[in-house]
Amino acid sequence: MRMIARHCGLRRLVAAVLFLLLPVVGVHAGEPVPLLAYAARIAGDDARTRLVIEFDREPVFSVHYVANPVRIIVDLPETSFGLKPESLEPRGLFDAIRYGGMGAGASRLVLSAKEPTELTHAEVKPMEDGKGFRLVLDAERIGQDRFDKILAEQKWTGTVRAVKTDRPAAAPAKADAFVIAIDAGHGGIDTGAIGSVTKTEEKHVTLAFAKELVETLNREPGIEAFLTRERDEFLSLPQRVQIARLRGSSLFISLHADTLKQRDIRGATVYTISDKASDHLAADLAARENLSDEIAGIPLESEPAEVADILIDLTRRETQAFSVNLARSVIASFEGQIKLINNPHRHAGFRVLQAPDVPSVLLELGFMSNKEDEKQLLDPEWRKKVSALLAAAVQSYRNTAVANGG
C-alpha cells in the first residue's frame, strides 16, 4: 500500500481514538444583544489601582485569578468595547490590560499584574444621571501566600473545556470532498499584531484574507473550504485544531501577519511544526503565537492521556511529511509572483499545528511592521491574487496525493 493511502487509513482510525479526548464544541444559541462599554479610566500606583468602566446597561460580572503570570480575569456578557485605547493604558499594578470577545455571547477583561494582586472591591453602580452603569474595580498588591490561598479556594478553572465556540453545527462534507480548514489567526480579545502605519489589528487582516481564500477555494471542483471563525471572536488554539478535525479536514491552513522589530524584513513565510525551531525568528514567532490562550486569560491545561501513543505517533510523523509537501507547493506557487522572506519554509513548535492527523501549515502572509507589506495586506486585489496562487498550490498538492493513491 502506498504511503498516502496508508496515511488516510491511519487518519480515520486515529480520529476515532482521539475523538473522546477532545473538548466539546458548543452550539450557537442565538445572537445576544451586546452591552456597550463606552468609557473607561484608570488611576493608581504600585500599591493600589482603580479601574472604572461605564456601560449602557447593567453588566453581570465574575472575577477569577490566574497565576504564571499573575492575571485577574473579569468575565462579562457579550460586550462591544467602544473605548479609546488610551483610556485603559496600563499603569499602577498592571502592565497589560486587554479586553474583547470570547465567543458564546461572552466577553472578557484581562488585567495582567506585575505582582500578586487582588480585587478588594468590585461592584456595579448606577450612573448619577440614571443613564447607564459604572463597573468599579479596586485592586491592591498582596503577598504571595494570600494570592496562593485565593487560587486554591476558587472553583473556577478557566480551562479550554469551559470555553465554547459560538457556531452552529456544520453540515457534513460530501463523501468525496477534499475538505480544507482556513484558520484566521487571533480574534476577539486576542487582537494580534498592530500595523505600524494604519494601526490595523492583525485579527481583521487575517479574517478578511481567510474569507477571500475560502471563496476562491470553493470555486475549485471537489474542494470544500470553511472558516474556523467567521467573525471577530476568540477561539483557543486547541479549539481551532478540534474544529478542523471534527469537519474531517484534509488540510489546515492558519493565516497570520505578525510584526518584527526589524522593520525592513518583509515577505511571506510558510511554517510547519517541529519540536526544534529552524531558527531564532521561527522560535520567537512560535512563542508569541502560542501565547494566544494566555492573552485571553486561559491557563494551559495538561494534554489528555493518549491511549494509543504508538498509533498516534506514527500518524503524526506521516502527517508532518504531508505538511512539508504542502509548504513546498505553496512556496513553488508563490515564487516569482509574491515576495518571499529568505528561507521561506521554516519550522517551530506551533500549538495550532498540532493535529496529529491533519496536514497543517501556518502561513505568515507578510509583516505588519513593514509599510510595504502592510499596504499589500490591506489591498483587496492583492488578497485575490494570493488566494488564487494558494488555490493553485492546494490543487497541486491534491493532484500529487491522488496520483499516489491518496
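In which sense do strand S1 (residues 35-44) and S5 pair, and over how many bridges? Select both: S1 and S5 pair in the parallel sense over 3 bridges. Two strands pair if DSSP finds at least two bridges between them.

**Before going on**

This is a predicted model, in which local features need pLDDT of at least 70, side-chain atom pairs count only at pLDDT 80 or more, and totals for chains, interfaces and linings use all residues. Residues are numbered from 1 along each chain as its sequence is written, and side-chain values use heavy atoms, with hydrogens and water left out.

Colour by secondary structure: the protein has 9 helices and 15 strands. Helices (H or I, at least four residues) and strands (E, at least two) are DSSP runs, numbered from the N terminus. Of the 406 residues, 51% count as buried; buried means under 20% relative accessible area, exposed over 50%, and partly exposed in between (1.4 Å probe, protein chains only). Among contacts with a separation of 6 or more, 77% are between residues 24 or more positions apart, where contact means heavy atoms within 4.5 Å.

**Stop 1**

Then widen the selection to the open sheet of 5 strands, whose order is S5-S1-S2-S9-S8, with mixed pairing. Strand S5 (79-81) and strand S8 (117-126) stand at the edges with a single partner strand each, so one side of each is left without a neighbour in the sheet. On average, neighbouring strands here are turned by 25 degrees against each other, direction ignored. The axes are lines fitted to C-alpha atoms, for helices over the stretch in contact, and angles run from 0 to 180 degrees between N-to-C directions.

**Stop 1: the four-stranded sheet**

Next, select S3, S4, S7 and S6, which form an open sheet of 4 strands in the order S3-S4-S7-S6, with antiparallel pairing. Strand S3 (62-66) and S6 are its edge strands, each pairing on one side only. From one strand to the next the twist averages 20 degrees. Inside this sheet, strand S4 (residues 71-77) and S7 pair in the antiparallel sense over 7 bridges. Pick Ile73 to find one of the facing pairs: its bridge partner in S7 is Val110.

**Stop 2: the largest pocket**

On a 1 Å grid over the protein atoms alone, a cavity is a set of points where a 1.4 Å probe fits but cannot get out, and a pocket is an open set with protein on both sides within 12 Å along at least five of seven lines; lining residues have an atom within 4 Å of a point. The largest pocket holds about 1100 Å³ of space. Grid points are joined across faces, edges and corners, and a volume is the space filled by probe spheres set on the points. Tyr99, Ile189, Asp190, Thr191 and Glu201 are the closest to the centre among the 39 residues that line this pocket. S5, strand S6 (94-103), strand S7 (106-113), H3 and helix H5 (280-289) each give two or more residues to the lining. S6 gives the largest share, 7 residues.

**Stop 3: strand S13**

Select strand S13 (residues 268-273), where 5 of the 6 residues are buried. S13 pairs with strand S14 (residues 340-348) in the parallel sense over 5 bridges, while 3 bridges join S13 to strand S15 (residues 360-364), running antiparallel. Which residues stand opposite Tyr271 in S14 and in S15? They are Arg346 in S14 and Leu362 in S15.

**Stop 4: the largest nonpolar core**

A nonpolar core is a set of buried Ala, Val, Leu, Ile, Met, Phe, Trp, Tyr and Cys residues joined through side-chain atoms within 4.5 Å. The largest has 41 residues, of which Ile180, Ile182, Leu217, Leu255 and Phe334 touch the most other members. Elements that each supply at least two residues include S13, S15, helix H3 (202-217) and helix H9 (380-403). H9 supplies the largest share, 8 residues.

Also in H9 is Gln395, which counts as buried because its relative accessibility is 12%. Beyond four places in sequence, Gln395 touches Glu220, Pro221 and Ile223.

**Stop 5**

About 80 Å³ of space lies in the largest cavity. Of its 15 lining residues, Leu237, His256, Glu289, Ser292 and Val352 are the closest to the centre.
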